[in-house]
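User: I would like to learn how to read a two-chain model, feature by feature. Could you give me the general idea each time, and then the case at hand?

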Amino acid sequence: MLNRRKFLTSTAAAGAAGFAALHFTSAFAQDAPQIQIFVPAAPGGGWDQTARTIDQVLRSEKLISGSQITNVGGAGGTVGLPQFVNQWNGKGNSLMVAGMVMVGAIIANKSANNLTEVTPIARLTGEFEALVVPAASPFKTAADFVAALKADPTKVPVAGGSAGGSDHILFGLIAKTAGVPATNLSYVPFAGGGEALSALLGNQVAAGISGYGEFAEQVKAGALRLLAISADKRQDGIDAPTLKEAGIDVELFNWRGVFAPPGVSDADKAAMVTLIETMAKSEAWATECKNRNWTQILLTGDDYARFLTEDTARITAILKDLGLA
Amino acid sequence: METLNQLAHGFSVAFTPVNLMWCLLGTTLGTAIGVLPGLGPALTIALLLPITYQVAPEASFILFAGIYYGAMYGGSTTSILLNTPGESATIVTALEGNRMARSGRGGAALATSAIGSFVAGTIGTLGVAFLAPIVVKFALAFGPAEYFSLMVLAFITVSAVLGSSSVRGLTSLFAGFVIGMIGVDLQTGQPRFTFGMGELLDGVDVIIVAVGLFAVGETLYMASRRYAGKDEIVPLKGSLYMTAAEWGRSWKAWLRGAAIGFPIGAMPAGGAEIPTFLSYAIEKKLSKHKEEFGTVGAIEGVAGPEAANNASAAGVLVPMLTLGLPTSATAAIMLSAFQSYGINPGPLLLTTQANLVWGLIASLFIANVILVILNLPLIGLWVRLLKIPAPQLYAGILVFATVGTYGISQSPIDLVILYLLGAAGFLMRRFDFPTAPVIIGMILGPLAETQFRRAMTISNGDWSVFYTHKLSLTLLVLAFIGLAGPHIWAFIEHRRRRGPEHVPGDA
């Protein structure tokens, strides 16, 4: 059954109640702390699911007594970010879920705030991308695809998510490695995974790039052929080379992680890193990740901050090439 | 035969007391959220996703399906009574439904929408059970070129709702295009008409525009005319439910609506709004009571679109259950619920999870029955809302519209937009510009643009895709017939009638 607090939080988040009179302060907490999770996206998407899974696992592992999730959606997270930076400043028991999509959105939307202002806690999961073609396609390998791209990029329409998103970025990186100018690419953005998939199944486009999970079932059923994946190494149960093995020196994870607000104390930050690390190493978290096709790529604290700087530089460069930054 | 067996098995899954309880809970909740503008089925299901940690997959999908169908029923209630659409698919319902409510036939409008939803929902669900594999093949044949041609056809058809003056109608339509363009352009990632405001990057929600123009605009207009003594609301005239004549006018519209809604709903980029526009336009063309459209309210104009939106809701489940393709926000969230059970929806879903899929389909039939039983007795209660004196009623509508809009994304900017549009709606009403084309332009404009640009990207700038693809050509020819046909016909008629006394060389 749905417990009462969960239901109330849900209603409050939906705004049906119109006001959120639900601040469960630490006075109610027993031993385990209460936390607040900020999701800069609408309910239902990847970040929201990450937040709700974190909440679920932390509670089932008795690491927290409860949490409150706030959704402020819009524009790849750049509507929520300023709010988290300004209004949540210094709140040591809070987390924001974000990921690679936000890095891209900050650059493309020329957002006034960016991720250097918040406190990196941990990179948790990632989804590697997949390069697929319809079953009837003449491309048998990733090399065939790249050869066609080199011959005439305008003749190889590729379907994926919104312009400047992770799919577009990977396409740009592949082309760059192959020496094809990014501005000549024929990229066809689709709003949802469903529409891009149907364009592939209906043979409307030459190839598709998206998170592996979006294509996995179609690949198993033989409707699509998987040419390569963007993971760092071969994956169990997936019969396809990585891009690197296929001779394209590109690796990409659409990662998701958590951040604390700016201005938190070192003690609070350390406590939060420990909390998230404990969760990420639990059995329950592993099961959830497996069910959802999330690859665990845990990286915490300073390592995470370093990774963030590198990834931001890489994404900025490719978005510039694609004419989006 | 095999389908029937599986369906029977599905009913045995759905007919357990616990699952019936979930179905009842879902439909009731769905009706309630459908009534509230802003809180749609996608958001509700998203918020209930954590339930998947606690209950069996069958139970949660039965609950979600109940919410999904229930919202389609509930959305029409506020459209009809308060001119405040709860869902984007019920915007068209407000056009005639609210007119009917004002002239004392609100009960009949609610009844035709409830029964029409039941009929179309059942036809649609039968379609899911028996025709899914065929329909999905047809739907996949639609590429960007075909969608663009479909939009052209839709534009031609909906010119019927432009109103008496085509200049005013077109002005409204173009205003809709502009509103629809606000936000980040999907194709290039560049912001358009956002004036540097982050909140506008995702565009303006169509519900806010509909509620602003219809409900807030109407309220302001009523307030300004309060002492002119016009626009009296008649709470009830004649029977509460439908008369024999109204039944006679409704049933064909239901069937036509279902026939339009189901296949378009099954198309990956079809959606629930376009079939309601098409159905409305067709009913208006075919009706023997054209004078009632836009005046006292024509029942066909409620029956058709309501049937169309429910049939399209069923249509959306076709690609979802046969291919694992989510083609609406609600379907996408239902798919993520599948994943939290470790079930990966895809082409093999029907074979690997037969229990779940057929249980779901069976519960859709049950949800339909429960919904019609739930909604018909409520009509008497709903209609009483109209007996509230106008000042209080309109004040209530304003509160309702404001709370509902805030509920969409808890953004104060949305409220500013709502009231700006309300003021615009008032001025449009005052100077006799139709408001419906704004909504149509806002929905169809960006779709047509996106599909056109996609088609051109894929074809590498070659225009011939629109006429070398057979399906696309067919749609364009239909559009041309729709545009030129009536004129050619009138010309032939004219020539024939005047023929004898107008021989060449006579003058």
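Analyst: Let us begin with contacts: two residues are in contact if their C-beta atoms, placed from the backbone, lie within 7 Å. In chain B, among contacts between residues at least 6 apart in sequence, 81% join residues at least 24 apart, and in chain A the corresponding share is 78%. This is a predicted model, in which local features need a pLDDT of at least 70 and side-chain atom pairs count only at pLDDT 80 or more, whereas totals for chains, interfaces and linings use all residues. Residues are numbered from 1 along each chain as its sequence is written, while chains are lettered from A and ligands numbered from 1 in the order in which they are written.

User: How many residues does each chain bring to the contact between them?

Analyst: Chain A brings 52 residues and chain B brings 53. On the side of chain A that touches chain B, α1, α2 (46-60), β6 (187-189), α7 (193-201) and α8 (212-220) each supply at least two residues, and α7(A) gives the most, with 7. If Ala, Val, Leu, Ile, Met, Phe, Trp, Tyr, Cys and Pro count as nonpolar, Asp, Glu, Lys and Arg as charged, and the others, Gly among them, as polar, this side of chain A has 22 nonpolar, 22 polar and 8 charged residues.

User: What are the domains of chain A, and how far apart are their centres?

Analyst: Domain bounds come from an automatic or database domain assignment, which here divides chain A into domain 1 (35-125 + 254-321) and domain 2 (127-229). Their centres, taken over C-alpha atoms, are separated by 28 Å. In chain A, 12 residues of domain 1 are in contact with 15 residues of domain 2, and α4 (100-108) and α11 (301-321) each supply at least two residues of the domain 1 side.

User: Is helix α18 of chain B largely enclosed or largely open?

Analyst: A residue is buried if 20 or more other C-beta atoms lie within 10 Å of its own, exposed if 12 or fewer, and partly exposed in between, with C-beta atoms placed from the backbone. Of the 507 residues of chain B, 59% count as buried. In α18(B), 19 of the 23 residues are buried, so this helix is largely enclosed by the rest of the structure. Just after α18(B), B:N460 takes a positive phi of about 60°.

User: Where does B:S88 lie, and what does B:S88 touch?

Analyst: B:S88 sits in the loop between α4 (57-82) and α5 (91-102) of chain B, and B:S88 is buried, because 22 other C-beta atoms lie within 10 Å. Not counting residues up to four places away in sequence, B:S88 touches B:V206, B:I207 and B:E273.

Definitions and conventions:
Helices (H or I, at least four residues) and strands (E, at least two) are DSSP runs, numbered from the N terminus.
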